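This report describes selected local features of a predicted model.

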Amino acid sequence: MAEKTWSERLKELGIILPPVAKPVAAYVPAVRNGDVVYTSGQLPLVDGTLTHTGKVGAEVTPEDAKTAARTAALNALAAVDGIVGIDNIASIVKVVGFVASAEGFTGQPGVINGASELLGEIFGDVGAHARSAVGVAELPLGAPVEVELMVEVR
């Protein structure tokens, strides 16, 4: 029996990739360079609206921020899909996550686990990746998280 495609895996999990999010400034959602697709930072937008706003540890709980990171990762996967098609992903190379953090908040890794766990759920071992989880003062539009991916493609 042939292995499942990533599209089939998404369907099995009940996950629907959103449309590619429109950039909020002068950039494109993703760029391919050789066998790697780099996404621009993706926000937790659903239908053009942020799912949460504010700083994690103040207006946004770590749990809600983790959910927002998952949404941002889905938007990043949609950007990859828009360039090469989801079924052409060979591996997730790196995740970079930014967390708008209230003073004293140090749980950035747990927040960005929302993105990492989603990638593991979809891609299994192919989804294992290097990662940075960085606390920042502010993010575009008041978003609590921003996620970018580097993905090896066939």
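## Surroundings of Q108

Leaving aside residues up to four places away in sequence, Q108 is in contact with V99, S101, A133, V134 and G135. Q108 itself belongs to helix α3.

The relative accessible area of Q108 is 10%; because this is under 20%, Q108 is classed as buried. A polar atom of the Q108 side chain is placed 3.0 Å from the backbone oxygen of F105.

## Packing of α2 against α3

Helix α3 spans residues 108-123 and packs with helix α2, residues 62-84, at an angle of about 45°; the two axes are 7 Å apart. That angle makes α2 oblique to α3. The crossing of α2 past α3 is right-handed.

On the α2 side, the contact is formed by P62, A65, K66, A69, R70, A73, L74 and L77. The α3 side contributes G110, V111, I112, N113, G114, A115, E117, L118, L119, E121, I122 and F123. Sorted by class, the contact of α2 with α3 comprises 13 nonpolar, 3 polar and 4 charged residues.

## Position of E63

E63 is a residue of helix α2. Its relative accessibility is 57%, and because the threshold for exposure is over 50%, E63 counts as exposed.

In sequence, E63 and T51 are separated by 12 residues, while their C-alpha atoms are 13 Å apart in space.

Technical notes. Residues are numbered from 1 along each chain as its sequence is written. This is a predicted model: local features need pLDDT of at least 70, side-chain atom pairs count only at pLDDT 80 or more; totals for chains, interfaces and linings use all residues. Side-chain values use heavy atoms; hydrogens and water are left out. Axes are lines fitted to C-alpha atoms, for helices over the stretch in contact, and angles run from 0 to 180 degrees between N-to-C directions. Helices (H or I, at least four residues) and strands (E, at least two) are DSSP runs, numbered from the N terminus. Angles under 35 degrees count as roughly parallel, over 145 as roughly antiparallel, 65 to 115 as roughly perpendicular and the rest as oblique. A crossing is left-handed if the near helix is turned anticlockwise from the far one by less than a right angle, and right-handed if clockwise. Contact means heavy atoms within 4.5 Å. Ala, Val, Leu, Ile, Met, Phe, Trp, Tyr, Cys and Pro count as nonpolar, Asp, Glu, Lys and Arg as charged, and the others, Gly among them, as polar. Buried means under 20% relative accessible area, exposed over 50%, partly exposed in between (1.4 Å probe, protein chains only). A polar contact is a pair of N or O atoms within 3.5 Å; within protein, one must be able to donate a hydrogen and the other to accept it, and residues adjacent in sequence count only if both atoms are side-chain atoms.
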